[in-house]
Amino acid sequence: MKTIRIFFIALLCLGLTTTQAQNTGKRNRLKVGLVLGGGGAKGASEVGVLKYIEKSGIPIDYIAGTSIGSIIGGLYSCGYRSADLDSMFRSQEWKTLLGDRDDDLKGAVLKKKNGVVYMFGFPVGRKGSALADSSIGAIRGDNIIHLLDSMTNRHDSISFDKLPIPFRCIATDYKHHKEVVLSSGWLPQSMRASMAIPGAFKPVEIDSMELLDGGLINNLPVDVVRAMGADVVIAIDLTQNKHEGEKQKKAPLILRKAKTEFGQLAKWAITRPDLIKYEKNRTDADVYINPPLKGYGAGSFSSKSIKEMIEIGYLSGKAALDDLIALKKKVMRGKK
């Protein structure tokens, strides 16, 4: 009996030691950040890359995204994986989604509904309706909000640190021309704010700020995911024209004092403050993946283009697999 007791005590100690070693290993491994850059329809290639990040088995501890990267990143943070996102990209009616199209009215040349005038289902006039909005931008993005609300299943304000993978998305306070890192709130609204392309989408009001696309300031937020606690970073960049060696330009005095929305956008177009930050972030990633997407644009949402860009992303991820596996080994060793 005494021998049996000693045997069980030894087993218990062995179990405790093994558990402690496992926990110590988990604590000591490096934290991995994933960065998803902006680029409209070109985000389909990010889905392809994610397939190979998953194949590598590298753990993802933090995610930061801008514009379409905030949509993919937010959904990934909620638990969606590359296969789910692949299906969404391929099956989505992008014109309906992005244009706030009312499918019930797509057969009518002109139709008025709830004070809104529609042409072939697309809203073309809201004057006098409850949805009238004088802010810059043509599209309210209601369909996008509804889709993201149903997919994320986060209907209330939350801390994005409470998601299965902590998340940040980037927007721009265009009135003050400042970067805004969104870390809490209503998740679908934050994702929508991050992708509010100037002129195309109306800005999103959050905390008294009018927010537009985060790509105006920070299109590849490596710095943001490092601030979250990432020791190493995997960045998927959709930018094709790198503007290497770009230096900050000064705007004419008349634009430096501009307060109108168009004046602010004109100042941005001349000074391009995003390019300096982009170059620093691009070179600060441990694994940098830049799918070759020449010939595709932010608006390449045709079924054919989406399919092709997912495949390009898949091939880019495959090409980076050795680097991803090497990074995983470094992560698990716990050494930078």
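Where in the structure is the place of S208? In this predicted model, whose residues are numbered from 1 along each chain as its sequence is written, local features are described at pLDDT of at least 70 and side-chain atom pairs at pLDDT 80 or more, while totals for chains, interfaces and linings use all residues. Side-chain values rest on heavy atoms, with hydrogens and water left out.

S208 is located in the loop between β10 and β11, strands here being DSSP runs of E of at least two residues and helices runs of H or I of at least four, both numbered from the N terminus. D207 belongs to the loop between β10 (204-206) and β11 (209-213). Most residues other than glycine have a negative phi. D207, although not a glycine, has a positive phi of about 50°, and S208, likewise a residue other than glycine, has a positive phi near 70°. D207 counts as exposed because its relative accessibility is 69%, and S208 counts as exposed at 70%, where exposed denotes over 50% relative accessible area, buried under 20% and partly exposed the range in between, with a 1.4 Å probe and protein chains only.

Helix α2 (residues 44-56) has 10 of its 13 residues buried and is therefore largely enclosed by the rest of the structure; among the buried residues are V47, V49, L50, Y52 and I53. The residue that follows α2 is G57, with a positive phi near 80°.

As for the cysteines, C78 counts as buried at 13% relative accessibility, and C169 is buried with a relative accessible area of 0%. Zero disulfides, defined as pairs of cysteine sulfur atoms within 2.5 Å, are found in a search of the whole structure.
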